[in-house]
Structures are given as structure tokens and as C-alpha cells.
Amino acid sequence: MKEQQAVVFSCQDVHVWVADREVVKGVSLAVAPGEVHAIMGPNGSGKSSLANALMGHPAYTLEGRIELAGQDVTALSPDQKARAGMFLAFQYPVAIPGVSVASFLRAALTAVRGREVPVREFRRELAARMDELEMDPAFAGRYLNDGFSGGEKKRLEILQLLMLRPRLALLDETDSGLDIDALKVVAAGINAAAREEVGMVLITHYQRLLDHVQPHVVHVFVNGRIVRSGGPELALELESRGYDWLAPQDGRV
Amino acid sequence: MASHPQLADIGSDYAQRYGFRDPEQYFLKAPKGLSHEVVEMISRLKGEPEWMRTFRHRALDTFLARPLPSWGNTELLSQIDFDQITYFVRATERQGESWDDVPADIKRTFDRLGIPEAERKFLAGVSAQYESEVVYHSVKEELTRQGVIFLDMDSGLREHEALVRQYFATVIPAEDNKFAALNTAVWSGGSFVYVPPGVEVAIPLQAYFRINAERMGQFERTLIVADEGAKVHYIEGCTAPVYSTHSLHSAVVELIARRGARIRYTTIQNWATNIYNLVTKRAVAYEDAVVEWVDGNIGSRLTMKYPSILLKGERAHGEVLSIAFAGPGQHQDAGAKAIHLAPNTSSKITSKSISRDTGRATYRGMVKVRHGAHGSRTAVQCDALLIGEKARTDTYPTMEIAEDDVRIEHEARVSRLGDEQLFYLRSRGISEDQARLMIVNGFIEPFVKELPMEYAVELNRLIALEMEGSVG
């Protein structure tokens, strides 16, 4: 794959528990800047648990080691991880009534950049990014995810990705619930982030996002493990054959 | 939020900012305890007309005859020792008309609370009450020229006796409840506001209430009359030093909105957590009048307060928008009442409460639609936010509807400040403290946006203080 120093994010032998149940059973990844990894697998295989646990969700217990830009971030809190350059696009973003998209984004940007972002600069940047994602400017004044459609929520996640420009983004089923037009916009956003050297891990159930985003590496994830890794052709093979043919090989790669 | 420049100086707490106390060097202080002698003394000192003196004595009899309420927080109520309270304190010999007239130590208190500055910046009139009486009072000349009366209640009675007598205790009779009777017996201070027909008071009038002495009882009495087509916004704020003993604040506020008038009454209650705040507030709205209670309860040990609106004229509209913040050991028992007495009247009650740690918030509300009030509409919405496992909230909504063609909406929601919301914000780099504050501020946003800018900033700052150390 890549040379050691080109890796921006890696995890080694990550295990994840929800209460007493082990849902991720030893996963290792190494992602270079601008590199797109797709993790594909059936529902309930533990993909979302992996993404949430990597970001530090308190409901999960994680063992293993996570490195970001050469720094061990395993024990950091979610906000510390975000400030170090990690990002998670949520499958089901929660609503926070009373907090506008703009004020939330400005607070997040201030936290991640470690300095107050001047209002004018912020507005300009926000307007440009929203335009890229074909979002109505009035959107910035709405309350965060409150009464948003599925497509609006996903666009907002991508807007945050582009504004916060992390080193590594985990995208959890960002393609689900989108019509074809929205899917194209979201895919364009993901490609733009990759061009800006963000390392990407796309967690997805379907091939269809990969028609618009070309992954460098595809991992097949079944029952808490990566059972096979390969190039983009692996995604096409999954599309035609499903996951069943991989199930008997359940084991570590 | 951290990005709010006005909030940058967060870090002081109640004790430093509001909880300081002055030495008790008073001009005059009644002996503690409640009796006809004390009532007589108050009335004589104020040189009141006979009818008011008689009124007070009768009210005291009512107070003594009435049992404590058998509902609400009866345990805390029963701890009030009425014999240990001082019912009247005259802090200074005369009222100031400029801040220079106010005794230096009292002026320093109000300086620390930012009142003179607020007056200069954005108020049409100010009244500052220290213990039992108003020590400073001013109103913009322009308002006086328009015939607007804004006085402390004692002066109001002296200078406009006929007007006061016409309305005093007509909305809340002394017999209404035990604490209304107590207030009527020993009332002192508060505001008297009269706005003549068609006059609009564009910027707010403010009253500020300060209790300084220990085991003190403050019983201000406020009466606001907006004559036909008049418009007024009145704001009150309150603080007190922190003592280990309890003090009592028991106000009576009566609003009268004549035909087509509009009154908004905003309260930011931030008493120290040793204060019992037992207040009766009620408004009458005549034909096409609008009355709005905007009621924020942050402080006090126990608050029991249910701003009410009697919708007496056709198409009258009433709103109660309230938030309550119950921190550790506090009980905010608050709510609203809307009584529809005329056809096509409407009311809207929005109650938001936050309970943190051992804090307890109760919503107690009543909506009545009486016979003949056909075509009326009412919407009640109660949202409670719980922070921590021990936090508690209860809702007691009552509805009595005597007509068929009315529209009734009721919504109640309880949520817990959730891990998922926190995780979402934290995954964007926002610290846990700031994330909690954002969620809470978002929750009260519908309330805050109804406040004038300066109060919105102040309220956000208070909430930030209340939320400090709420983690873990």
C-alpha cells in the first residue's frame, strides 16, 4: 500500500465491546492522506460500531491502538480526537433544537482550529461551501438537524466535513436514504475532501456510492472482522455475488 | 457560548456577583414577627389613608385564619417560621431621584449589579427597591409629559389615591390565597404604572428588587394599568445575598389591560437559593387586549408562582412563556393559568424547565373555558429537560372546558440531556462543558429570543454559571 510515513491514520487490532458483547474482533487499517477506503459489509456486521468506537462513543469499550498523524489518540475523548483531526459523519445525526446550523458550525470551527474565526471570514467560507453542496443559504439559520429530511441531514454532515477539513474522516452510511441527485452532490463533496488530502473511510452497505466515489481500497467486513481487502474491483464483485460467498472464510486476514 | 463576547467574563459565581451583603445600618426596622402592631406601624409610617389601613388589618386576619397550601412543596412551606421574619425595613430616610441622592453603600450595591448603567443605556424608567422600599426612582421626562405614571406603589397611593383605590386588589383580592393576604397586610414598595389611552411606551420600564438583610421579608405590590389602546413593557429583576437562613419574598402583581391594550411583563428571578419566592401574579385582559407574562426563574430555594390571565373581553389574547432552572436543592414549582371568560379568546402557554442534579421542576397549569367562551383557542406546551440521574420533573396540567366549539392543544415532553447529543457535538471538537451549555441554551432559545438583547445576554450568562461544574 503506502509507505509508513505517508499513513495519516491507522488502527491496530481494534476490538470493540457493547456491554459484554464483542462486536468488532480485531480490525487493523492504515489510511494515507487523500486515500479512500471503503468498508463494505452486511447489516449488523459491526461496521457502525467500529466507526463510533473509533471516534470515542462512550457506549463502546475499545481495545487496540489508534494513531493519527503519528500520535497515539486511543485514549483521547471525542472532542480531543476531533481537535486532533478526526471526524465522523453520522448515519443518524441527532437533532439539537434551538442551536442554529451556523452557530454550531462556528463553535465547531473555533474548537477545531483553536482560534476564534472572524464572523466575516466564517460567513464567506460557509456560503461558498453551501453553494458547492447546492444548499439553500436559509439552511444556516435552521436548528441543527431539527426536522431535517434524510437528505438534508447527510448534506449537512458533508458540509461539516468540508468546513472542518479533518485529517481523517469516518463516513458511516452517508449514502443511505439519498435520492440520486443528493447522492451525486454528497459524492462530489467526498471527492472534494479527498482531493484536499483528507483520508477517508467510507462505511457502506451498497455499491451505489462507489459508482461516484472511486475507492483506493475496499475491505469486506463480516461479523466483526475484515475478511478480505482488495482494489475497487472487489466492490463490483460484491455487487454481483453478495456477501454469502465470503462468509465461510470468516477469519482474520 | 464562548463565541459571545459578553459572556467572556464567566467564572465568577453567585456569591461574588450577587451574594455580597451590606452591613445592616438601617434607618428603621420593625421588630421581627407578624402582628397587628407591625401592620399598624407600617401603615402609620407611610401615612396611609384610612381605607388602606383597614384593608391591611383585615388582610392580616385572613392570613392568620388561612392554613398553608396543602399542595406544592408542603414540606418546605412548613419550614417557614413567620415569627422569625422581619416584615418591614426602611433602609434610607428618603427616596433618591438621582443616583447621587442614594446613600453610598446602597448605590454601590446597585452599581455592582449594573443597574445605573442599564438605565443610561436602554430603559425608559427605573425603580430600585432595597429591602421594603424603593430607594431610587426615575422616569424619562417624555413619558411624564405623555401622562404615563411610573411610581413606587407607596408614592402611587399618596399621589394618585383615587386611581389606586379604583384598581387595588381588584384582580387579586386578599382572600385569594394565604400569601396574597400576607402581602396585602404588610405590602411595601413595588410599582404603580398607569399608561393613558393610546400611549405606547416604546422602551421598557424596569424595577429592580434587592433583599439585603437576613431573615427578611419583602412584600412588594405592583399594579399596572394600561388604558385603552395603550402599550407597555415592564421588566423586573431580583437578587439577594446568600445566607444560611431563609428569607421570604412574597409579591402580588396585578395587571389590567383595558380594551385593545398590550402589556408585557418580564421577570428574571435570580434570588439566592435561601429565598422562598411565593408570588401571586394575575392579569385581566379586556376586549382585544393582549397580556404576555415572560417569566424566568433561575434562583430561590422554593418558587411557587403561576402567572394567570383572565380573558374577560372578546378576542383577548394571553400568553405565558416561562423557563425554570432548578439546580441542586432547588424546587421551581411554576406554571400558568388561563381563564377564558369571553368568546373567541385565545391563550398560549409555553413552559420549559431544566432540572439538574437534585433540582426539581414542577409544571402546574390550569386552563378553563367557561360557558359562553365559545370559539376560544388554547395551546399548552410543556418541555422538561433533565440533567443527571437524580433530577426530577412533574407535570400537573388541569383543563376544564365548558364549551364545545373550542380548540385545545396540549403537548408535554420530557427529555434527558442525552449522550447522543453530547457525542455529536463533542465529535466536532466542542468540549463536554460547552456542549452541555449549547444544548441547554438551545432548549431555552424560544424564551431567550423574547427578551430584550441585554437580558438575553444576562440570562445566557446566568445559565452558564448554573451549568458550571455540572459535569461528572
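How many bridges join strand β15 of chain B to strand β18 of chain B, and in which sense do the two strands run? The legends below take up this pair and other parts of the predicted model.

**Figure 1. Strands β15 and β18 of chain B in the predicted model.** β15(B), residues 290-297, and β18(B), residues 317-326, are joined by eight bridges. The two strands run parallel. Val291(B) has Gly318(B) of β18(B) opposite to it. Strands of a sheet pair through backbone hydrogen bonds, in either a parallel or an antiparallel manner.

**Figure 2. The open sheet of 10 strands in chain B.** The strand order is β4-β3-β7-β10-β13-β15-β18-β20-β22-β24 (chain B), and the pairing is mixed. β4(B), residues 133-139, and β24(B), residues 407-416, are the edge strands, and each of them pairs on one side only. From one strand to the next, the twist averages 5 degrees. Helix α12(B) lies across β15, β18, β20 and β22 of chain B. Here β20(B) covers residues 346-356 and β22(B) residues 377-387. The helix α12(B) runs at about 160 degrees to β20(B).

**Figure 3. The contact between chain B and chain A.** Chain A gives 27 residues to the contact and chain B gives 20 residues. On the side of chain B that touches chain A, α11(B), residues 419-426, and α12(B), residues 432-448, each supply at least two residues. The largest share of that side, seven residues, is from α12(B). Sorted by class, the side of chain B that touches chain A holds seven nonpolar, seven polar and six charged residues. The helix α12(B) also lies across strands of the sheet in Figure 2, among them β20(B).

**Figure 4. Helices α3 and α10 of chain B.** The axes of α3(B), residues 50-65, and α10(B), residues 178-186, come within 7 Å and cross at roughly 150 degrees. Angles over 145 degrees count as roughly antiparallel, and α3(B) and α10(B) are therefore roughly antiparallel to each other. Their crossing is left-handed. From α3(B), the residues in the contact are Phe55(B), Arg56(B), Ala59(B), Leu60(B), Thr62(B) and Phe63(B). They meet Lys178(B), Ala181(B), Leu182(B), Thr184(B) and Ala185(B) in α10(B). This contact of α3(B) with α10(B) has seven nonpolar, two polar and two charged residues.

**Figure 5. The open sheet of six strands in chain A.** Its order is β6-β9-β10-β3-β11-β12 (chain A), with mixed pairing. At the edges stand β6(A), residues 86-89, and β12(A), residues 225-230; each has a single partner strand, so one side of each is left without a neighbour in the sheet. Direction ignored, neighbouring strands of this sheet are turned by 20 degrees against each other on average. Within the sheet, β9(A), residues 168-172, and β10(A), residues 199-204, pair in the parallel sense over five bridges. Leu170(A) stands opposite Val201(A) in β10(A). Helix α5(A), residues 150-164, packs on the sheet and touches β6 and β9 of chain A. The direction of α5(A) makes about 165 degrees with that of β6(A).

**Figure 6. Overall dimensions of the two chains.** Chain A contains seven helices and 12 strands. The radius of gyration of chain A is 18 Å, close to the 18 Å that the globule rule gives for 253 residues, so chain A is as compact as a globular protein of that length. The C-alpha trace of chain A spans about 55 × 40 × 35 Å along its principal axes. Chain B contains 13 helices and 24 strands. A compact globule of 472 residues would have a radius of gyration near 23 Å, and the 22 Å of chain B agrees with this. Along its principal axes, the C-alpha trace of chain B spans about 65 × 60 × 45 Å.

Notes: Residues numbered from 1 in each chain as written. Chains lettered and ligands numbered in written order. Predicted model: local features only at pLDDT ≥ 70, side-chain atom pairs only at ≥ 80, totals over all residues. Contact = placed C-beta atoms within 7 Å. Helix = DSSP H or I, 4+ residues; strand = E, 2+ residues; numbered from the N terminus. Nonpolar A, V, L, I, M, F, W, Y, C, P; charged D, E, K, R; others polar. Pairing = 2+ DSSP bridges. Axes fitted to C-alpha atoms, helices over the stretch in contact; angles between N-to-C directions. Parallel < 35°, antiparallel > 145°, perpendicular 65-115°, else oblique. Left-handed = near helix turned anticlockwise from the far one by under 90°. Rg over C-alpha atoms; globule rule 2.2 N^0.38 Å.
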